[in-house]
Amino acid sequence: MTWLRGCTFGCVMFVVTMFWALYLYDRDLVYPRLLDNFIPQWLNHGMHTTVLPFIIIEMRTTHHQYPSRPCGLIAVCSFAVGYVLWMCWVHHVTGVWVYPLLEQISPLAKVAFFSCLTVLINIYYVLGEILNSYIWDCSKCVLDTDKAKAD
């Protein structure tokens, strides 16, 4: 499952940017005020904010072996489709959408929305792959230069 580690950056970036973009636009679309009674503000930030600095620290301290790009994108798409199917299943069973935003858009708009989100999470995956390569290739260059100086 080490190939799955590379997917975390894309998923975290997706969660942070989508949640806070929707929250800033209209918080009731993604996090109704009613939830403030059950989920303290610190826990909301724990789920939707602090994951970003932690994934950046983790990316800087741990080299990830990304799979081939097609395999990585298939994994990320599988995750995205699985999440969409889970949201649809919850709606089918309870009659309530997990995110209130989905109550306000038509079925065709939902398909377009889910498709755009899948494209976005794929872009974040590729960005994570590029950043990982940049961080660790540059670190390797510095280590190789130091090693050459020692010789």
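Is Asn122 buried or exposed?

Asn122 is buried. Its relative accessible area is 13%, and the cut-off for buried is under 20%. This comes from a predicted model, and the values here are computed from it.

Asn122 sits in helix 5, which spans residues 107-150. Its contacts beyond the neighbours within four places in sequence are Leu73, Val76 and Cys77. The C-alpha atoms of Asn122 and Ile74 are 9.2 Å apart, although 48 residues separate the two in sequence.

## Annotated transmembrane regions

The unreviewed UniProt entry carries the annotation "transmembrane region" for residues 7-25, 45-61, 73-99 and 105-127.

Two of these spans can be compared with the model. Residues 7-25 are 100% helix and 0% strand. The C-alpha atoms at the ends of residues 7-25 are 27 Å apart. Residues 45-61 are 88% helix, again with 0% strand. Here the end C-alpha atoms lie 23 Å apart.

## Helix 1 against helix 3

How do helix 1 and helix 3 cross? Their axes come within 9 Å, at an angle of roughly 160°. Helix 1 is therefore roughly antiparallel to helix 3, since angles over 145 degrees count that way. The crossing is left-handed.

Side by side, the residues that meet are these. Helix 1 supplies Thr8, Phe9, Val12, Met13 and Val16. Helix 3, residues 51-61, supplies Val51, Leu52, Ile55 and Met59.

## Aromatic pairs

How many aromatic pairs does a search of the whole structure find? The search finds nine. One of them joins Phe19 and Tyr31. A pair of aromatic rings is described by the distance of the centres and the angle of the planes. For Phe19 and Tyr31, the ring centres are 5.8 Å apart and the planes stand at 80°. The pair is edge-to-face because its angle is over the cut-off of 60 degrees.

The Phe19 and Tyr31 pair links distant parts of the chain, twelve residues apart. Phe19 is in helix 1, residues 7-26. Tyr31 is in the loop between helix 1 and helix 2, the latter being residues 41-48. Phe19 and Tyr31 are both buried. Ring pairs also bring in Trp20 and Tyr23, forming a cluster with Phe19 and Tyr31.

Technical notes. Residues are numbered from 1 along each chain as its sequence is written. This is a predicted model: local features need pLDDT of at least 70, side-chain atom pairs count only at pLDDT 80 or more; totals for chains, interfaces and linings use all residues. Side-chain values use heavy atoms; hydrogens and water are left out. UniProt positions are given in the numbering used here, feature names are shortened, and annotations may be inferred rather than shown by experiment. Helices (H or I, at least four residues) and strands (E, at least two) are DSSP runs, numbered from the N terminus. Buried means under 20% relative accessible area, exposed over 50%, partly exposed in between (1.4 Å probe, protein chains only). Contact means heavy atoms within 4.5 Å. Rings of Phe, Tyr and Trp (its six-membered ring) pair if their centres lie within 6.5 Å; planes under 30 degrees apart count as stacked, over 60 as edge-to-face and the rest as tilted. Axes are lines fitted to C-alpha atoms, for helices over the stretch in contact, and angles run from 0 to 180 degrees between N-to-C directions. Angles under 35 degrees count as roughly parallel, over 145 as roughly antiparallel, 65 to 115 as roughly perpendicular and the rest as oblique. A crossing is left-handed if the near helix is turned anticlockwise from the far one by less than a right angle, and right-handed if clockwise.
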